[in-house]
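Please look over the structure before reading on.

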Amino acid sequence: MNVSHSPLTTWGLEHVTIGKDFEILDVGCGGGATVARLAAIASDGRVCGVDYADGSVAVSRRKNAALIAAGRVDIRKASVSQLPFDAGTFDLVTAIETHYYWPDLAASMLEIRRVLKPGGSLMILAESYRGSRFDALQRVVMKPLKSAHLSADEHRELFTTAGYSHVRVSEQRGKGWICVTGHVPELPSHSLE
């Protein structure tokens with residue numbers, strides 16, 4: 001995962017802004033390479049990773065051992081459907097090659113929105129989606145896995161239905177990649193009277 005997802009991750013991260021002091025969550029952190037990359041960018045911030053697989057949590061913890069010891073990274077076993085974080089914790093949540101497998105896609109989008117700060121962003125990145133260059137082959141694989149295989153428009157609708165604003169869908173058609181970003185609306189500012 002760490003090697004095969006690297007080019008996709010590089011392309012995807014071009015679609016989000018990451019501040020040096022950002023609090024970031026990587027959902028489905030797998031082998032931990034994205035966590036390490038995000039920690040390097042948010043050099044004054046903190047990165048958390050969650051994965052539901054014990055093996056992935058162990059590998060990610062080993063990969064990021066020095067960052068964990070420094071208090072800059074936290075890796076936990078958890079499901080996207082019940083994130084172990086307070087509301088409004090993160091500036092950015094990333095999900096790379098994982099949303100296909102979420103048990104309840106719509107509810108998970110709301111759970112991620114819960115842990116994002118107002119103005120925070122969600123980025124979903126994938127190399128399998130309906131209508132892509134490799135759709136016919138991917139459909140054969142995704143169907144038996146009972147995985148979500150959404151079109152670009154369905155990805156957009158997933159975000160807007162969950163209340164994300166400024167939703168943007170980007171495709172790298174030659175490679176069959178899709179990146180979808182959306183923001184939690186800012187809280188309205190009230191003037192004091």
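Is Y100 buried or exposed? Y100 is buried, at 5% relative accessibility, where buried means under 20% relative accessible area, exposed over 50% and partly exposed in between (1.4 Å probe, protein chains only). The model is predicted, so local features need pLDDT of at least 70 and side-chain atom pairs pLDDT 80 or more, while totals for chains, interfaces and linings use all residues. Residues are numbered from 1 along each chain as its sequence is written, and side-chain values use heavy atoms, without hydrogens and water.

**Aromatic pairs**
- Rings of Phe, Tyr and Trp (its six-membered ring) pair if their centres lie within 6.5 Å; planes under 30 degrees apart are stacked, over 60 edge-to-face and the rest tilted.
- The count is four aromatic pairs.
- The ring centres of Y100 and Y101 are 5.4 Å apart and the planes stand at 80°, so this pair is edge-to-face.
- Y101 is partly exposed, with 44% relative accessible area.

**Second largest pocket**
- Lining residues have an atom within 4 Å of a point of the pocket, an open set on a 1 Å grid over the protein atoms alone where a 1.4 Å probe fits, with protein on both sides within 12 Å along at least five of seven lines.
- Of its 13 lining residues, T17, F22, G119, S121 and H183 are the closest to the centre.

**Cysteines**
- The whole structure has zero disulfides, a disulfide being a pair of cysteine sulfur atoms within 2.5 Å.
- C29 is buried at 5% relative accessibility, and C179 is buried at 1%.
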